[in-house]
Amino acid sequence: MKDTRHAGETSRFKIRIEEKTHVGADGSHLTAIRDLSLDLQPESMTVLMGPSGCGKTTLLRVVAGLDEDYIGEIDMPPHARLGFMFQEPRLLPWRTVRQNIELVAAPGFTESDLQNLAEAVGVADMLTRYPQELSLGLARRAALARAFSTEPDLLLLDEPFVSLDERTADRLRRLLLEVWSARPTTAVMVTHNPREALQLADQLVMMAPRPTHVLAVETIDVPQAERTAAMIESLHADLARRFPVNFAGM
Ligand SMILES: Nc1ncnc2c1ncn2[C@@H]1O[C@H](COP(=O)(O)OP(=O)(O)OP(=O)(O)O)[C@@H](O)[C@H]1O
């Protein structure tokens with residue numbers, strides 16, 4: 001069974017959103033989130049799954065403080081450090097991989113920390129390269145290193161492995177787990193890939209169609225490293241039956 005690294009600890013991240021409405025350029029209103037409540041367990045991986053357009057990215061942006069126009073409260077420790085990884089690696093093209101990392105690295109992040117992290121994600125030989133010289137898989141590795149270099153209290157991952165071939169995506173998922181086990185932090189990830197969700201999640205959050213809220217939270221009590229393909233298939237069959245909308249077509 002899963003270890004108890006966060007058993008008994010109370011959440012340091014409480015998300016309460018009464019309402020988040022987008023106002024379009026033409027003045028139209030679209031309510032993306034209504035009455036959403038979610039607690040994140042320390043040093044656990046929470047994965048959000050929901051139908052396309054339900055409001056998952058909107059939720060991550062609100063939690064990240066990138067969108068402050070909402071009614072509700074995001075309760076997190078003062079000065080909490082955030083790390084991000086988006087669908088596109090979003091590395092600054094005029095800076096090298098090293099410079100991209102150094103730009104956001106936590107105060108006190110040393111040269112040896114940088115070398116260790118670059119080694120762990122497999123970009124140690126790429127530090128002097130520019131993003132446009134990297135394949136998408138390598139750019140994602142660099143983005144992973146950048147996200148962890150902030151030494152985040154909260155790591156936000158928005159479909160970080162989308163558009164990669166399955167072999168590369170699988171390698172990167174394993175890398176994420178390795179780096180995350182060595183540098184545990186509270187993480188929230190959005191994905192449309194149910195097997196990815198079942199491979200990585202401690203908590204799987206089923207989101208309702210828009211305006212979104214939490215339908216159910218499923219806990220997976222087996223450490224990620226011990227999950228077999230058969231276990232993932234059996235979880236998938238069970239959840240697809242119980243949450244057909246969230247797993248539709250997946
Ligand atoms: N800046 C914006 N202005 C207006 N509407 C927006 C804005 N951002 C998102 N929306 C709308 O809000 C809804 C939720 O969008 P969001 O990107 O959060 O959904 P999502 O669940 O992440 O979608 P997907 O799974 O397809 O990535 C969508 O209908 C989207 O079109």
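At what angle do α2 and helix α4 pack, and how far apart are their axes? The two helices, α2 (97-104) and α4 (residues 136-149), pack at an angle of about 25 degrees with their axes 8 Å apart. Axes here are lines fitted to C-alpha atoms over the stretch in contact, and angles run from 0 to 180 degrees between N-to-C directions. Because angles under 35 degrees count as roughly parallel, α2 and α4 are roughly parallel to each other.

This is a predicted model, in which local features need pLDDT of at least 70, side-chain atom pairs count only at pLDDT 80 or more, and totals for chains, interfaces and linings use all residues. Residues are numbered from 1 along each chain as its sequence is written. Helices (H or I, at least four residues) and strands (E, at least two) are DSSP runs, numbered from the N terminus.

Let's look at where the helices touch. From α2, V97, N100, I101 and V104 meet A142, A145, R146 and S149 of α4; contact means C-beta atoms, placed from the backbone, within 7 Å.

Now for the loops. Most residues other than glycine have a negative phi, and most peptide bonds are trans. E43, in the loop between β2 (29-40) and β3 (45-49), has a positive phi of about 55 degrees without being a glycine. R90 lies in the loop between β5 (82-85) and α2, and its phi is also positive, about 50 degrees.

Finally, a cis peptide bond joins R210 and P211, with omega about -10 degrees. P211 sits in the loop between β8 (203-207) and β9 (214-219).

Technical notes. Parallel < 35°, antiparallel > 145°, perpendicular 65-115°, else oblique. Contact = placed C-beta atoms within 7 Å.
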